[in-house]
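The following questions and answers examine the interfaces of a multi-chain assembly. Please consult the sequence and the structure while reading.

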Amino acid sequence: MPELFSHPFFTLLPTAFFTLAIFSFLYRDNPFFKFAEHVFAGLSAGYYCGLIFQSVINQQVWIPLTQDERWLVLVPAALGVLMFARFVPKIGWMMRLPLAFVIGSTAGIMFIQQLHGMVLPQVGRTILPLDSVENVLLVIGVLSTLIYFYFSKPHTGPLGWVASVGIAFVMVAFGAHFGYTVMARVSLLIGRIQFLLIDWLHLAS
Amino acid sequence: MKSRLPVIVAFLAGVLMIVAFFGRGAVVDRVAEEALAWQTIVAGFALLLGVGSIVRVHWHRLATGHPDRIYSLVLLICLTVMGGSGVLFGIGSGTLFDSLFERIQAPMMSTMFSVLAFFIASAAYRAFRARNVLSAILLLTAVIVMLGRIPMGQYIYHALPDWANWIMMVPSVAVQRGIIIGAALGAASMALRVILGIERTYLGQGG
Amino acid sequence: MDRIQSVDRRVLYTLIFISVIIPVMWPLHLPTPETPEARAFFDAVEAIPPGSVVLFPFDFWPSTLPETEPMAVAGLRHCFRRDLKVVGLSNVGIGGPSVADRLLDSIGAEYGKVYGVDYVNLGYKAGYQAVLLGMANSIAAIFPTDHRGTRLDSLPLMQRALNYDSLSFVLIVSDNAMADYWVALVNARYGLPMVAGVTAVMAPKMLSYIHTGQIKGLLGGMKGAAEYEALLGESDMASRGMDAQSLIHLLIIGFIILGNIGYVASRRRPSPARAG
Amino acid sequence: MTIGGHKPGRTLARTRYPRIPRLWLIPICAAVLTATPAWAQEPSGVFRMERLNALVLVVVFTLAILWFLRRAVKGAKLYVRPLPGVSAVDEAVGRATEMGRPVVFIPGTGDLDEIQTIAGLSVLGRVAHVTARYTTPLRVPVLYPLPMAAAKETVREAYIDEGMADHLTPETVQYVAGESFSYSARVGGMMIREKPAAAIYMGQFRAESLLIAEVGQSTGAIQIAGTAEPDQLPFFIAACDYTLIGEELYAASAYLSGEPRLLGSLKGQDLMKVLIALVVLVGVIFVTLGYGTEWWEALLQAQ
C-alpha cells in the first residue's frame, strides 16, 4: 500500500486540487474556489510574516542590536513602534511620524530618480539624427505623446492635431503591446496544463 | 505640533535624500544608506498592523456568524501555521514554511498568473471593436502583432513577423518614451509637492 | 447577430482550455518556419569543435520556465550530442541553481555524460558584475567550489576550464537583463562568441545585438525554442507549446473578428446604444 | 475655473498652508551640516560634478513649479483642460450611492516606497471625503502593510472631517494577503460577492491589473484606472471605462482637490514639457546636421 501513496497522483494531489480550484473561478464563484482563495490568502500573509520577521526584524534589528550593539537601530525601531500609536488615543497623531518619514524619503528619492534616471536618459536617447524613417517616427512619436499630456490648453487647433497624432501613436503602441503579451500569458497556461496532464495524470509524455 | 511636525519630518527626510544624491563622501553615503534601511525596518513593524487587520476582519466574521465564517477560520488557520512556522522554525529550505510554499502557495501563484491567458482573451473579444478610427487602430495593430508572433503568420503574409517587430521597435518604443518622460515629470512634481508639504492628503489633511 | 456580440465568456474560456489540452496530449506538428536568427543559433553551436568547453548560464527565474526551459533543454541536448563540455552557472539566486542541476543531470543522463568530466554546475554567486568580470581571470577565484560544494580542483573538467581564455563559447538562456550584461561585459571586453535564448518580451531588443554581431544567434520565446527543436529534429515541449499558442492566437483573432461582425451588423439596425 | 464639477473655493477655505518660505532655511542647514564633516575627508570636493546636468534639471524643474505655485497663491486664473477620467470619479461614486452598493478603491499594488502609491493615496483621500459625505460603503483592500496604514489614516481623517467616523468598519481599509497573486484572487472573490457599483484603481500595477479589472468588468462596475506603468496601460484601457495614462495619474489628486496651488504645479510640468520638446528639437537639428553628437550625449548622460 505505501507504494500506492507515493505515486505522483497522490503526492501531487494537493497541488493539483488547488490548481483546479483556482481555475474553477473561471466558471463561477463556488465553495472550492472560496476555500482555495482563503487558504491562498492565509498562506501568503503568513509567508510574508515569516519572511519579514526573519529578514527584517531578526536580521536588521535584533541581531545588530544584541550582537553588534548598534544602538542606532533603536531609532527606526522606535519609529516602527510609533506605528501603533493609533491605539493610544492621546498620542494617536504620532503614527503619522513614521509615515511622514517613509513618504518624505520616498519623495526625495523619487524626485531625483525620476528626473535623473528617467527624464535625462530618455530625452538623451531621443536626440537622434533624422536619417531614417524609424528615427523620424521615433522623434515624432515621443514629442506628440508628450504633447498629448499638455494640461494647459484644450485639445483644439494645432495643439489638437499634434495631440491626435499622439493618441494615434498611443493606440498603435497599446494594441501592439496587448497582442505581444498574449504569447507570454498563454505560455504560463501551457505550463499549468502540462503539470495537470503530464506530471499529475500521466496522460501524455 | 500635530499637523506641522509630520510635514517637517517629511520635508527633512526628502531633502536629506536629495542632498545625499549630489553629495560625495562617506558621511553622506552613510546617512542615505541608513535612511533606506530605516524605511525597511518601519515597514517591518507595520507588518504587525497588517496581520492585526486581517485577524480583526476575520475574527469579526467568526464572532458575528457571517455566512462565510468557515472560510475565515480556514484563512486564520493557514495564516497561523505558515506565519508561526516561519517565525519559530525559520524559512530555509526543508522547513515546513518552505514546503508549504513550494507545494501549495507557489502552484496557486502560477495558476492565478495563468488565468491571465483567459482574461486577455475575453478582454480582447469585448474591447476590440472598431467603434471609431482610434479603436480601429488599436484593434488592427493588436491583430497584426498577434499574427506576426505565430508561425502561421508567416504563411498568411511573409513579412508579418517583420511588421510586428517593427511596430514593437519604433512606434511602441516612442510611446513608451513619451509616457515615461511625462510620467516622470508628474512623479517629480508629486514628490516636490509632498516634500514642500502642499500635498498632505496622505496624512489625512488638506482634503 | 446580437448573440455574436455578447458570447458568454465561459464559452471562450472553454475553447481556450480545449486549444491547450489537445496539442499537449496529441501534438499537431504544425510547421514552424525557421527564422534566420534561430538558424544562426543552430549553426553557431554546430560550428564549435567537439570537445570544446561551453559556458552555459541558466539566468532565468522559475516563473518563466514554460518559455526558458525548452530552450535550455534543447541547448543542452545539442551540446551533449556534439560532445561539447558544459559548465553551467546561474546569476539568479532563487531557483536558478536547482533548475540548472535538474536539467544538467536529466539531459546528461540521456547522453550518458558524467558529472565533473562532461559537465559541471557552478551554482550561484551574488553580484553579477564581479562574477562576469572575475571569471575572465580565474573561475576558481569566483567559484571556489561547485554547487554541490566540491572543490573545483578535484573536478577534471575544471582543470581545463580555468578562465575565459579556455572557454570557446557562451550559450545564454535568460529572462532578464543578465543577457545584456553578458553581451556588454563579456563579449565586449573579452570577445567570447555567444548566442542567447531569451523570453519573447526581450527578443526585439536582443535582435539589435545580432545586427551588430555581438551575439551570433538568438532564440525568442517559445517560438524560438520550437524552431530550435525543429532544427535539432526533436519536437518536444516547445513544439507542442507552439501548437497551443497558434490555436489560441487564432481563436482570439477569430473572436475579435466575430465580435466586430456582430458590432457592425447591430449598428446597421436601429438599436439602443450598448455599453461595454 | 471649474473642473469636473469641483469648485475650488470649497477646499480653499478649509486648507491651512504651511509657510513654505521659512522652511527653506532647512535645506541650507541640512546641506551645511552634511557637507562640513565630509569636506575634510574629500579632497575632490563634496559635490559630484558629474551630476551637474541633473542638478541643473532639478533646479529648473523646481523653479518652474514654484513660479506657478506663487502665481496660483496670488490668485492668477490658471486654466487646466478637463480630464474625462477624473470627472468620472464623482459620477462613479454617485452611481454607487444611488445603487446602495460599495465603491472599491485600490491604491495600486506597490509598497509605500513607490511614488505612484502616494499618488493613489492622495486620490483616495479625495474619494473618501465623497463616500463619507454620502455614506456610500467604501472598500480599500491593500497589498502591503505600510500603504495599508497610510490608507487607514487617510480614510479615517476624511471620515472624521465629514463627521462620519462611526461609518468606518474594520473592513473599510483592510490588508488582505501578502503577495500579489493571492491578493488578486482575494480581491476578485470579494468583488464577485459584494458586486461594487464602482471600482477605482490608482497607483502602480503589475500583472494584477487585468486579473482584477477583468473580474470587476464582469460584475458590471464602472471602472476607472490610472497608472504610470506603460506595460499595464493597454490592459486597463481594454477592461476599464476610463483610464488615466501616466502623468494624468499624478494630476488626478490636484484635479479632484481643485486647489489652485496643486493645479499650479501642473502648469509647471507643462512648462517643462515645452522646454524638453525644445531641447529635443534643437538637439535633433544639430545631430542631423552632424554637429556636437558627443556633446549632446554627454549633456544628457545620467551618471
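**Interfaces of chain B**

Q: How many residue pairs are in polar contact between chain A and chain B?
A: The model is a predicted one, and both residues of a pair must have pLDDT 80 or more to be counted here. With that condition, the count between chain A and chain B is 15 residue pairs.

Q: Which element gives the most residues to the side of chain A that touches chain B?
A: The elements that give two or more residues to this side of chain A include α3 (13-23), α4 (31-66) and α8 (157-200). The greatest contribution, 25 residues, comes from α4(A).

Q: How do the residues on the side of chain A that touches chain B divide into nonpolar, polar and charged?
A: The contact involves 100 residues of chain A and 105 residues of chain B. On the chain A side, the division is 68 nonpolar, 25 polar and 7 charged.

Q: What share of the area buried between chain A and chain B is on carbon and sulfur atoms?
A: The size of an interface is often given as the accessible area lost when the parts come together. For chain A and chain B this buried area is about 9,700 Å². The share on carbon and sulfur atoms is 83%.

Q: Which residue of chain A meets B:Asp68 in a salt bridge?
A: Across the interface of chain A and chain B there are 2 salt bridges. In one of them, with an N to O distance of 2.8 Å, the side chain of B:Asp68 meets that of A:Lys34.

Q: Is B:Glu34 buried or exposed?
A: B:Glu34 lies in helix α2 (residues 26-64) of chain B, and its side chain makes a polar contact with the side chain of A:Arg70 at 3.3 Å. The relative accessible area of B:Glu34 is 12%. Buried means under 20%, so B:Glu34 is classed as buried.

Q: Which residue of chain B forms a salt bridge with D:Glu214?
A: Between chain D and chain B the count is 3 salt bridges. In the one formed by D:Glu214, the closest N and O atoms are 2.7 Å apart, and the partner is B:Arg126.

Q: Which helix gives the most to the side of chain D that touches chain B?
A: The interface of chain D and chain B holds 13 residue pairs in polar contact, both at pLDDT 80 or more. On the chain D side, 9 residues come from the helix that gives the most, which is α7 (residues 145-161).

Key. Residues are numbered from 1 along each chain as its sequence is written. Chains are lettered from A and ligands numbered from 1 in the order in which they are written. This is a predicted model: local features need pLDDT of at least 70, side-chain atom pairs count only at pLDDT 80 or more; totals for chains, interfaces and linings use all residues. Side-chain values use heavy atoms; hydrogens and water are left out. A salt bridge is a side-chain nitrogen of Lys or Arg within 4 Å of a carboxyl oxygen of Asp or Glu. A polar contact is a pair of N or O atoms within 3.5 Å; within protein, one must be able to donate a hydrogen and the other to accept it, and residues adjacent in sequence count only if both atoms are side-chain atoms. Helices (H or I, at least four residues) and strands (E, at least two) are DSSP runs, numbered from the N terminus. Buried means under 20% relative accessible area, exposed over 50%, partly exposed in between (1.4 Å probe, protein chains only). Contact means heavy atoms within 4.5 Å. Buried area is the accessible area (1.4 Å probe) that two parts lose on being put together, summed over both. Ala, Val, Leu, Ile, Met, Phe, Trp, Tyr, Cys and Pro count as nonpolar, Asp, Glu, Lys and Arg as charged, and the others, Gly among them, as polar.
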